[in-house]
Amino acid sequence: MTESKESFAEISPADFFYRNRDIAGFTNPARAIYAAIRELVENSLDACELYQVPPEIYIRVSSESTAAKEGPAIYRLRVEDNGSGVPPEYIPSAFGQVLFGSKYRIRQTRGTFGLGGKMAILYGQITTHRPVRVISSTGPRIYEYELIIDIQRNRPVVLSKKVYGNGNKWHGTVVDFALEGDYFRAMAKILEYLKETAIVNPYANIMAVDPRGRLYRFDRVTEKMPLPPQETLPHPYGTDVETIRRLMYVTECRDMLSFMTTHFHRVGRTIARRFLEFAGIGIKKKPKTLTPNEIVKLVQALKTFDGFLPPDASCLSLLGEDLLRAGIEKELKPEFIAVDQRKPSAYSGFPFVVECAIAYGGGVPKTGDIILYRFANRIPLLYDEASDVSWKVIHTMINWRHYRITPDMPIAVFVHVCSTKIPYKTVGKEFIADRPEVEKEILNGIREVARQLSIFLSRRESIEREKRRLDVFSKYLPKIAKFTTELAGREREPDIQPLLRSIVKYGPEEEGD
Amino acid sequence: MTPKKKSATSIKERKNQVINTFQEFGCQLYDQIEKREFPRVEMPSRSIYNIKYDPKIRQYILGNRMVRRSARNIRHIRPFTQLVWVADIVNSLDHMNKTSTLRDVYYMAQAYDMNFKDQQESDGIITDLETIVGYSREDFNVFPEERSAIYGSLTIEYTVPGYEGKRLNLTIHPDGVMIGPALTSAEFVKSEVDKIICIEKGAMFTRFIEEKAWQRFNALLIHSAGQAPRATRHLIRRLNKELGLPVYVLTDGDPWGMHIAMVIISGSANAAHLRELTTPDAKWAGVWATDIVEYKLPSDRLTELDIKRLYELRKDPRYEGELWQREIETFLKIGKKAEQEAFSRYGLSYIVDKYLPTKLEEMESY
């Protein structure tokens, strides 16, 4: 380099994601079309749940180019839902500005990064240079926008805006844009994703039309929906310096005592007093006067004080045993299902709940290994299975023989982790880390459902054994009667019915060598 | 010598006894079912822990341990049904005076949807039936495939259908007469012999006929064809008991030949549930280990298997006698064995002219 002067420039969040799109899963054309569908579908499901209406999701992938089927090509992706809709004034920002809005509260969400579909739209724009069309209504009127994102300035640019009347009181959102993708390489994963999504959203109707014109339908079996997630305050254990610094700026509290009780989860006056004494910070001190050193001291004290109550999991939106069972039932039609919802637990100040299920037979295929379905906050995890904590539990921590289960049986295990913060191991967010607290709940959950399967299997086996036993007796006793009659030189065969009846009535046969 | 008259009816009597026993067995099971009980049967166990040697009757017998086969037991019901089926089928054979073979029974089962896994299984069921009714399968007309032969001046009278009353002198055919069901059930009418020589090998049996050894020794010749079939053992016993003929057994000079003689004398463990197959007074006439030394017979080395067998036999209660122990020790000492044909080095007729006369004389002392 001959130029010694280096130029420094601020980059916008949109620019950042443009340059680092690998992080968000847009690594290659196949992965990109899968990630785009997934982001939009999850946004739609969230929107419907917020509105407490059973989701109707329609997905259409159509080919924009007449090129051959193989390899990357331009596709048009359209995703429709019947959710809450986006208020018209927010539509440009919601779909055309990355990291719009700010969060000082936490809530269980599906979206991988809270970026929603914006990353997908951004990706579509940079690969096709075409605008996105968004149609949305919260009820009164229908708004249609054509937008592009000004990447360098991270601002939406509205190309056109139309308003329609809404006689049918339709609400929901339609997103329609073009992107480069490789549908046929991603097809298997996309279909697997839709099927698993249907399992954890048994109250949703999902319809998809692919570029070949094939229709895939996943119909709901129930209208019952889980309660939507509640926003909650951060728990002291999970708080970092940056959070405190931001809270300092926005807080309206005038002393540390009310600062603690207002901004933290499950902190009352008594606990706040004890904590501030432990941290060596005066209860009357004004939050806005905290020095950087005091902030660091405060955060360290937050992590080491043992007087906080564990986080409350009531803010989580669980699937529940009935819905999990219904989802598995409808997609796999197994012979047997057992489900178990664990009691809430917490790691590092984040509440979580593990829901487990096991399915046997029916539509569960035999693969020579136990099939693992992983879910986090009601989205399926499809990649890096072998790195996931559930995989570790299934393959290294459970002695399946104890449950008389062998890998050649048609068995599927389902693990759903719900949390305000899923402990993902990497930025890829495709597998859950082996946090001891989470691992223990998964282990106990799988053990519980495996135990129930084991009972089912042994009961079924004993019924079958009983049937085989009866078959043997009904085959041989008449023959014995016939031969005996001939041997004894009698005319009439003896009646064996009482003997056959006694076999059904009484238990085990006579022992002998 | 004229046979005792008593035996003339013994064959028919025995037939009737067998038929009655089968019917009793059938009635027993029939009544159990009528009383709403699962049919069952008890019999002495044939496991090796229940086989004992009885020095008084000089054969293996079964002890007191009983086993119970019950149609109530899922593991028993199939073999139990097979047992009743075999009883039924051989009973009707007996009524029609027809015979069958072990292999025949195995194949017949398929027509009744009573398939056996293999012939070993059907043979085992037939052995069960022998144990229960207390008669050997030859008594209920089931014979093995292998046949041995008899030759000599004995006149018999057939009892089988179509041949009743027909008489035959056993010198009728130069190859000897086959010991089959018809001969086994024949009555002895007239005997001009004073001993029986039982020979292991066919070649030697033929040689004895050709050399007219039967005339010189005044002997009835029996070809055992290796281990003597039960029918043959039973016939030897009858000849010994009914006609009072002494029995000499001539075998190869090795542990296996020695044991052929022993089974004729004291029976086998496999037939511990049966009586009247042994001839305790029969004698092993060689080839002995000491003969190999004395006559300098051409010999082969004992194999490892031979030696192992000798060690087994040395501990066997049937081999307690002085002669047996001496011969076993000699075999082990010289490490050699010899076939009957080894005498050929002295000329074809040596065994007939020299060896056997000396031996028979010597046998008087044992």
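Predicted model: local features only at pLDDT ≥ 70, side-chain atom pairs only at ≥ 80, totals over all residues.
**Exercise 1. In what order do the six strands of the open sheet in chain B lie, and which pairing does the sheet have?**

Solution. Reading across the open sheet of chain B, the order is S10-S7-S13-S12-S14-S15, and the pairing is mixed. The next step is to find the ends: strand S10 (177-179) and strand S15 (283-286) of chain B are the edge strands, since each pairs on one side only. Going from one strand to the next, the twist averages 30 degrees.

**Exercise 2. Determine the sense in which strands S7 and S13 of chain B pair, and find the residue that stands opposite Ala149(B).**

Solution. Strands of a sheet may pair either parallel or antiparallel, through backbone hydrogen bonds. For S7 (residues 148-151) and S13 (residues 219-223) of chain B the sense is antiparallel, and the pairing extends over three bridges. Within this pair, the residue opposite Ala149(B) is His223(B), which belongs to S13(B).

**Exercise 3. Describe the side of chain A that touches chain B, by count, by element and by residue class.**

Solution. First, the count: 24 residues of chain A are in contact with 29 residues of chain B. Second, the elements: helix H12 (436-488) and helix H13 (497-505) of chain A are those that give two or more residues to this side, and H12(A) gives the most, with 14 residues. Third, the classes: this side of chain A has 13 nonpolar, four polar and seven charged residues.

**Exercise 4. Locate the lowest and highest confidence among the elements of chain A, and the stretch where pLDDT stays under 50.**

Solution. For chain A as a whole, the mean pLDDT is 86, with 91% of the residues reaching 70 or more. Confidence is lowest in helix H1 (residues 13-19) of chain A, at a mean of 71, and highest in strand S7 (residues 205-209) of chain A, at 96. Finally, pLDDT stays under 50 over residues 508-513 of chain A, a stretch for which the model has 11 contacts beyond four places in sequence.

Note on methods
Residues numbered from 1 in each chain as written. Chains lettered and ligands numbered in written order. Pairing = 2+ DSSP bridges. Helix = DSSP H or I, 4+ residues; strand = E, 2+ residues; numbered from the N terminus. Axes fitted to C-alpha atoms, helices over the stretch in contact; angles between N-to-C directions. Contact = placed C-beta atoms within 7 Å. Nonpolar A, V, L, I, M, F, W, Y, C, P; charged D, E, K, R; others polar. pLDDT = per-residue confidence, 0-100.
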